[in-house]
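Dear colleague,

Please find below the structure that I am handing over to you. My notes on what was found in it follow directly after.

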Amino acid sequence: MVDVETDATHPEPMVNEDEPLLSNLDLFLFSLIAGLVIYWFMSRKKPEPIPEFKKLDTPTATSTRETSFIEKMKKTGKNIIVFYGSQTGTAEEFANRLSKDAQRYGMKGMAADPEEYDMAELSRLSEIENSLAIFCMATYGEGDPTDNAQDFYDWLQENDEEDLSGVNFTVFGLGNKTYEHYNAMGTYVDKRLEELGATRIFDLGMGDDDSNLEDDFVSWREQFWPAVCEHFGVEALGDDSSIRQYELKEHTDLNMNKVYTGEIGRIKSFENQKPPFDSKNPFLATVTVNRKLNKAGGRHLMHLELDITGSKIRYESGDHVAVFPTNDTALVTKLGQILDVDLDTVISLNNLDEESNKKHPFPCPTSYRTALTHYLDITHPPRTNVLYELAQYASDPQDQENMRKMASSSAEGKALYQSWVLDACRNILAILEDMPSLRPPMDHLCELLPRLQARYYSIASSSKIHPNSIHICAVVVEYETKTGRLHNGVATNWLKNKMVDNSHKSTVPMYIRKSQFRLPFKSTNPVVMVGPGTGIAPFVGFIQERGWLKEQGKEVGETVMFFGCRHKNEDFIYQEELEEAEKKEVLTKLHVAFSRDQEQKVYVQHLLRNNKEDIWRLVHSQNAHIYICGDAKNMAKDVQVAFYEIAEELGGLTRTQATDYIKKLMTKGRYSQDVWS
């Protein structure tokens, strides 16, 4: 601001004409400005070099990934594309089987991950003669798309103007009837594609994992291909021989630094860890605690703590931790012995289709031992296509016939597969032991076995209290099969053996999967939690978080817990923590059902009915949020019925109205389930 008064009372000094026009200070300033201008002009002519980032060496990536599936199909002469939305690998497996089937009808198919392609190109499929898009879509969680199908789902929802006329399609959905939103994703894709003008050439298939998913798929597939033949005017070639997808290459002089030793994505990623960590780049977390939770009884319930210090991994209460287990080394050794193979042979299985995005069925090069330990599922009963392809290697004609029969859609074949494979829980090793004439080459077996999948656990901690630690609560799976063999769950037995030892660090490859299972945004909202057994896991985190909020001086609504176990003196897990939370009034009320401590069995749903007035007051008058975690097949259904009955009795509703009432709570995010079957 100009000081007017000062300017008025202080006249400017007269210029002395004997002084030079530019003083030394002026010359200095002029030189400085000129120098800066020249420097700026010179420096701007040298653009900053763009740093080159070396591509991650992932085992299934191509050097230049094609995002246009239309161009790829044209270039490779394919006319059938099978997209898969897969969380645990089954939908991907089915997609690969359908794409291989195409060859038997004089057509050429390719399986495709929608996440890798521009799905907006779907309308261009009509440019390819006799083309067909098949969608194998699994439903995940509460009617959600799988991770890799999320973008495709969003695209379908947002593009009302899309014109898919001329596009032929069919859908096979993978779901589980024990869940509320059975096959929601398959149903939605089927309906939405028709709305956008596409032509359905065969009815929507629905696979039920609670019953027999394989049977559902085989029955649908048996009717699907004749419909394709009729639609396109083609005939089966009658060639039922095995079609290999990969060829074996054995390595004898390979640098061992270039051999995969169990890494999921980038080679040496377990030695040189780089964030961000996800399903293709898991973090190796150190196990700091591994303790047995139950005091007695025949089962083993455990609490593990994984150290994530320095990983930059963030999680919220209610999220899931995914872990990558390994198979039992004894099973792997037996497989090598029975097939007379040196398991330390280093191999690559290379895709015969050079244009395929999937160069190998698992990270290659690697040894047979690593593939069978880290990458392949050797404990689940094999699907019928595996039996069909392996049948040719049985030297006994009766074994060959039985294997092919089990892979057929005949009633006799289905019954044989159900009893001899599924009901008897025969894995591939048991089949080889019980069928001495069957001795397939190890490389073909490795090509056919599905990938070993990550296992998901509800996180049993709050990041507000444990920012550098993730807690897992699980029960070890072990039982005797009908053939007298002991079946050990892969992941839980692997976790059980992760001992905490100062001389040796036990590590677990893991990443976080975000969930919608969240505490209310307003801490003043009451919460009602129902979680018997290991279903208590997320609620341990919820209780920790509500306690932390209280300590911060926040107002916290009523927090009610319904827990259940068999016996108070055996498997009342987290008893001390729960009773301490109740003592500190973090838990307003703790209700525990000990199902076998009295003659009449008592479960959590019975305790809900016993406390119906309190429940109805919290839900109907105080905007409470309800959370259910645990078994989907029985518990979650029985609990839901208990809520219907409470709404009927205390709300004066009919059963239909009560059902609608609970459905509305679900829609509003006030009735959430984290359940499994």
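What is the order of the strands in the open sheet of three strands? The order is S8-S12-S13, and the pairing is antiparallel. Please note that the model is a predicted one. Strand S8 (246–251) and strand S13 (366–367) stand at the edges with a single partner strand each, so one side of each has no neighbour in the sheet. Strand S12 (residues 346–351) is joined to S13 by two bridges in the antiparallel sense. In one of these pairings, valine 346 has serine 367 of S13 as its bridge partner. In general, strands of a sheet pair through backbone hydrogen bonds.

I turn next to the second largest pocket. Its volume is about 870 Å³, and 42 residues line it. Those nearest the centre of this pocket are Thr326, Asn327, Asp328, Thr329 and Val490. By class, the lining comprises 15 nonpolar, 19 polar and eight charged residues. At least two lining residues come from each of helix H8 (329–338), helix H9 (368–375), helix H13 (428–434), strand S17 (486–488), helix H15 (490–496) and strand S18 (507–513).

Two of these contributors, H8 and H9, also pack against each other at an angle of about 140°, their axes being 10 Å apart. That angle makes H8 oblique to H9. The crossing in which H8 passes H9 is right-handed.

The structure also holds two cavities of 30 Å³ or more. What kinds of residue line each of them?

The largest cavity has a volume of about 60 Å³. Its lining consists of Asn212, Glu214, Asp215, Val218, Thr384, Met406, Ala407, Ser408, Lys414 and Tyr417. These residues divide into four nonpolar, three polar and three charged. Helix H7 (213–232) and helix H12 (411–423) each supply at least two of the lining residues, and H7 gives the largest share, with three.

Two or more of them come from each of helix H20 (612–621), helix H21 (635–651) and helix H22 (655–667). By class, the lining of the second largest cavity has nine nonpolar residues, with no polar and no charged ones.

With kind regards

Definitions and conventions. Residues are numbered from 1 along each chain as its sequence is written. This is a predicted model: local features need pLDDT of at least 70, side-chain atom pairs count only at pLDDT 80 or more; totals for chains, interfaces and linings use all residues. Side-chain values use heavy atoms; hydrogens and water are left out. Two strands pair if DSSP finds at least two bridges between them. Helices (H or I, at least four residues) and strands (E, at least two) are DSSP runs, numbered from the N terminus. On a 1 Å grid over the protein atoms alone, a cavity is a set of points where a 1.4 Å probe fits but cannot get out, and a pocket is an open set with protein on both sides within 12 Å along at least five of seven lines; lining residues have an atom within 4 Å of a point. Grid points are joined across faces, edges and corners, and a volume is the space filled by probe spheres set on the points. Ala, Val, Leu, Ile, Met, Phe, Trp, Tyr, Cys and Pro count as nonpolar, Asp, Glu, Lys and Arg as charged, and the others, Gly among them, as polar. Axes are lines fitted to C-alpha atoms, for helices over the stretch in contact, and angles run from 0 to 180 degrees between N-to-C directions. Angles under 35 degrees count as roughly parallel, over 145 as roughly antiparallel, 65 to 115 as roughly perpendicular and the rest as oblique. A crossing is left-handed if the near helix is turned anticlockwise from the far one by less than a right angle, and right-handed if clockwise.
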